[in-house]
Amino acid sequence: MTVSPSLDDMQRAGFPMGGEPSIAVDFADTLVTTTEPWTDLLADPAAATRWWQTQAARLPAGPPPDPLTARRLRNAVRDLLDSHLEGRAAHATSVEDVNAIAATVPTSVRIATDAAAPRAETRWHVEAGGNAPMAAVAREAVSLITDPERMGRLRRCANPECSMLFLAETKRRMWCTANLCGNRARAARHYQRTRSGTTDA
């Protein structure tokens, strides 16, 4: 799970945000919480398929997961990340759901010899059931949520009308994307400056 899609890849697939170093954050961002009711970007089966296909390079092989179970996991991950930002306790069911789905597919480490030099490879044992891509997302959520350094970089977009989350690489990053909320903020500042100039004149 190392090759992240780019933001351009995600936007071409129809999603406003994506390409974060953590697939758990990308997954949480498929739920827009600033609309009433909340907007589920995976509600359309075709959109859900596109999301999983776009993320496939950093997931173990496997079919797209059951939509209801995937949304349950996504809602749990979103609650865990939002609770951190809001300084509140996450719902107990969110922790239980992430832990349960992370445990559905056992893994083992093996030596892969298909390249010039042997390398370690993770094998996902789906013989007994479970969905490897979804279990991998749940495990990444566990890894992220229990990593204080990465969670210290978790941010919500500074646009009050946007609910997108991201892991800030620098303290200066305020917007989910430069081409969406960043551009809107620049346009608003420009409008205020030109309007102020007109008023002064």
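Trainee: Trp51, buried or exposed?
Mentor: Trp51 is buried, at a relative accessible area of 0%. Buried means under 20% relative accessible area, exposed over 50%, and partly exposed in between, with a 1.4 Å probe and protein chains only.

Trainee: What kind of model is this, and what are the ground rules?
Mentor: This is a predicted model, where local features need pLDDT of at least 70 and side-chain atom pairs count only at pLDDT 80 or more, while totals for chains, interfaces and linings use all residues. Residues are numbered from 1 along each chain as its sequence is written, and side-chain values use heavy atoms, with hydrogens and water left out.

Trainee: Back to Trp51. Which residue does it pair with, and in what geometry?
Mentor: Trp51 pairs with Trp52 edge-to-face, at 5.0 Å centre to centre and 85° between the planes. Rings of Phe, Tyr and Trp (its six-membered ring) pair if their centres lie within 6.5 Å; planes under 30 degrees apart count as stacked, over 60 as edge-to-face and the rest as tilted. Trp52 is buried as well, with a relative accessible area of 7%.

Trainee: Which residues form the aromatic cluster?
Mentor: Phe27, Trp51 and Trp52 form one aromatic cluster.

Trainee: How many aromatic pairs in the whole structure?
Mentor: Three, from a search of the whole structure.

Trainee: Changing topic. What's the secondary structure count?
Mentor: The chain has eight helices and six strands. Helices (H or I, at least four residues) and strands (E, at least two) are DSSP runs, numbered from the N terminus. The order along the sequence is α-α-β-β-α-α-α-β-β-α-α-β-β-α.

Trainee: How do H4 and H6 pack?
Mentor: H4 (residues 67-86) and H6 (residues 132-145) pack at about 10°, with axes 11 Å apart. Axes are lines fitted to C-alpha atoms, for helices over the stretch in contact, and angles run from 0 to 180 degrees between N-to-C directions. The two helices are therefore roughly parallel. Angles under 35 degrees count as roughly parallel, over 145 as roughly antiparallel, 65 to 115 as roughly perpendicular and the rest as oblique.

Trainee: Which residues make the contact between H4 and H6?
Mentor: H4 contributes Thr69, Ala70, Leu73, Val77, Leu80 and Leu81. From H6 come Met134, Val137, Ala138, Ala141, Leu144 and Ile145. Contact means heavy atoms within 4.5 Å.

Trainee: What about Ala168, where does it lie?
Mentor: Ala168 is in the loop between strand E6 (165-167) and helix H8 (178-200). At 3% relative accessibility, Ala168 counts as buried.

Trainee: Which residues does Ala168 touch, sequence neighbours aside?
Mentor: Leaving aside neighbours within four places in sequence, Ala168 is in contact with Arg153, Arg155 and Arg173. The C-alpha atoms of Ala168 and Arg153 are separated by 5.1 Å, with the two residues 15 apart along the chain.

Trainee: And Arg153, buried or exposed?
Mentor: Arg153 is buried, with a relative accessible area of 18%. Arg153 lies in the loop between helix H7 (148-151) and strand E5 (154-156).

Trainee: Where is the cis peptide bond?
Mentor: A cis peptide bond joins Glu36 and Pro37, with omega about -5°. Pro37 is in the loop between strand E1 (31-32) and strand E2 (39-40).

Trainee: Last one. What share of the chain is buried?
Mentor: Buried residues make up 38% of the 201 residues.
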